[in-house]
Amino acid sequence: MAVLAALGDPARHLPATLGVVTVGFGALVWAGRRLGWAGVPLGPKSLAQGLVVAAILRALALTLSPTLSNDLERYLWDGAVVLSGENPYRLAPEDPSLTPLRDEHWERLHHRDVPTVYPPLALGLFALVTPSPAPGVLLRGLLALADLGGCWALGQIARRRALGLDAWAWYAWNPLPVLEGAGMGHVDVLGVALTLAALHFALRSRPGASGVAAGLGILTKYAPIVTLPLLARATGRPIRLVLAALAVALLGLVPVVLSTGVPLGLVTYGVSWEFNGPLYEPLWRLLGAAGIDRLAADAVDTLKEATEHHPGWNRLYPLLYPQLLAKLALAAGMLLVVVRAWRTGTTEVGFERLFGGLLLCSATVYPWYVLWVLPWAVLTGGWAWRILSASVLISYLAQTNVVDVFPLIWAAVWVPFILGLWSDHRHRRSNPEEPSAWSRRSTG
């Protein structure tokens with residue numbers, strides 16, 4: 001990370017950045033093996049020492065320019081819109097009524113035609129830092145602190161499972177959360193930290209605190225809403241937990257729905273966004289090659305003639321294209337993932353299957369999305385997701401416009417992950433009662 005700090009602008013020096021990150025992952029593997037062989041337990045002292053290392057890594061990442069992603073610019077723009085009294089869920093950045101707010105952040109924005117997709121707590125955080133002289137640095141600093149809080153919560157959960165320092169370090173010292181949180185300023189680290197805190201409190205039979213943390217997580221990134229059944233099962237008072245979570249979440253979301261309805265930005269994201277989806281990228285191409293869109297159009301023709309209700313059926317034709325059909329199929333897959341994860345016996349495995357399955361069914365997988373799966377892979381001993389935490393950074397090469405996302409970048413990201421899944425599956429079949437060979441439990 002010290003070398004990364006010297007680089008300053010990661011996007012401008014992308015090959016060097018990826019090289020340094022690769023060295024960082026190599027150091028993490030080496031440190032994890034040394035700690036595992038030494039049998040270092042994750043006790044109060046070792047956790048405190050590990051948090052010091054995690055804090056130093058994040059402090060170094062704060063010296064980077066957040067240029068690998070444009071999200072921070074959007075955060076600060078949305079914060080300025082909130083402070084102006086306008087509604088960022090209703091008004092896109094290009095709206096003429098927001099012209100007086102345009103500044104250097106607006107100049108660098110992508111997707112100016114799309115209103116915000118971020119939940120209320122995230123917007124409140126953006127608005128909080130916007131008036132400061134260095135809002136981007138302040139926001140990244142606050143997110144780094146939240147990420148450290150998540151590392152602490154993960155440490156408490158890992159201690160209950162008698163895991164060693166080597167397992168915990170795979171999140172706390174991992175270059176991915178360091179780079180994407182403190183470095184690029186992605187608000188996902190706050191959502192992950194709140195979800196980890198929710199499970200920590202649930203395991204300690206504190207359903208009220210767990211529900212509040214889960215509700216705040218939902219108001220940061222919507223994803224934690226699907227964890228409520230798992231959290232409820234982890235505590236002795238599930239109704240209190242769910243009611244607390246829903247009360248907090250609805251307190252923030254009801255005003256949004258009343259003033260805007262379903263945010264248009266979310267609809268646009270679901271329908272139009274796509275990048276490096278592991279199943280989506282090959283699936284929509286297969287559907288197109290098989291002519292599924294034409295078969296669907298023929299089916300609509302038949303229904304239209306049978307019902308003689310032409311205007312209604314005609315509205316479907318613009319939707320019958322391979323990309324959207326693939327997204328609809330994967331949306332059904334997401335529903336199955338959620339149901340299966342809720343029925344999983346072990347809470348941590350349920351979280352891994354839940355967030356992992358949703359990620360695999362997503363049409364859009366940016367590197368920071370992997371943060372939602374990584375802590376649970378640490379707890380379950382899964383090696384595939386740890387591999388993905390390294391290989392997913394290859395997707396940044398798409399910014400160079402030299403290599404297409406599919407198939408080369410897609411293969412470089414996902415083939416190592418698939419091999420890791422195969423290795424995990426073989427190990428668990430042959431050693432069903434043991435953790436992954438790559439994650440030894442502490443004997444201390």
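**Burial, backbone and packing in a predicted chain**

Colleague: Is alanine 162 buried, exposed or partly exposed, and with what relative accessible area?
Modeller: The model is predicted, so local features need pLDDT of at least 70 and side-chain atom pairs count only at pLDDT 80 or more, while totals for chains, interfaces and linings use all residues. Residues are numbered from 1 along each chain as its sequence is written, and side-chain values use heavy atoms, without hydrogens and water. Buried means under 20% relative accessible area, exposed over 50%, and partly exposed in between (1.4 Å probe, protein chains only). Alanine 162 therefore counts as partly exposed, with a relative accessible area of 39%.

Colleague: Where is alanine 162 found?
Modeller: Helices (H or I, at least four residues) and strands (E, at least two) are DSSP runs, numbered from the N terminus. Phi of alanine 162 is near 60 degrees, a positive value in a residue other than glycine. Most residues other than glycine have a negative phi. Alanine 162 is found in the loop between helix H7 (135-160) and helix H8 (165-172).

Colleague: Which loop holds serine 205?
Modeller: Phi of serine 205 is also positive, near 60 degrees. Serine 205 is partly exposed, at a relative accessible area of 44%. Its place is the loop between H10 and H11.

Colleague: What is the distance between the end C-alpha atoms of helix H11?
Modeller: The expected span of a helix is 1.5 Å times one less than its number of residues. For the 12 residues of H11 (residues 207-218) that rule gives 16 Å. The model agrees, with the end C-alpha atoms separated by 16 Å.

Colleague: Which helices do the buried residues of H11 pack against?
Modeller: Nine of the 12 residues of H11 are buried, among them Pro207, Gly208, Ala213 and Ile218. Contact means heavy atoms within 4.5 Å. The partners of these buried residues are helix H10 (188-203), helix H12 (228-234) and helix H13 (238-260).

Colleague: Which residues does lysine 221 touch, not counting residues up to four places away in sequence?
Modeller: Lysine 221 is found in the loop between H11 and H12 and is buried, with a relative accessible area of 17%. From lysine 221 to aspartate 188 the C-alpha separation is 6.9 Å, although they are 33 residues apart in sequence. Beyond those sequence neighbours, lysine 221 touches Tyr118, Pro119, Val187, Asp188 and Trp372.

Colleague: How far apart are the C-alpha atoms of arginine 102 and valine 81?
Modeller: Arginine 102 lies in the loop between helix H4 (71-84) and helix H5 (104-107). Not counting residues up to four places away in sequence, arginine 102 touches Trp77, Pro93, Glu94, Asp95 and Pro96. Valine 81 is 21 residues away along the chain, and the C-alpha atoms are separated by 9.9 Å.

Colleague: Which residues does the cis peptide bond join?
Modeller: Most peptide bonds are trans. Here omega is about 10 degrees. The proline of the pair lies in helix H22 (residues 405-430). The bond joins phenylalanine 406 and proline 407.

Colleague: What is the radius of gyration of the chain?
Modeller: The chain has 22 helices and zero strands. The radius of gyration is taken over C-alpha atoms, and the globule rule is 2.2 Å times the number of residues to the power 0.38. With 444 residues, a compact globule would be near 22 Å, and the chain agrees at 22 Å.
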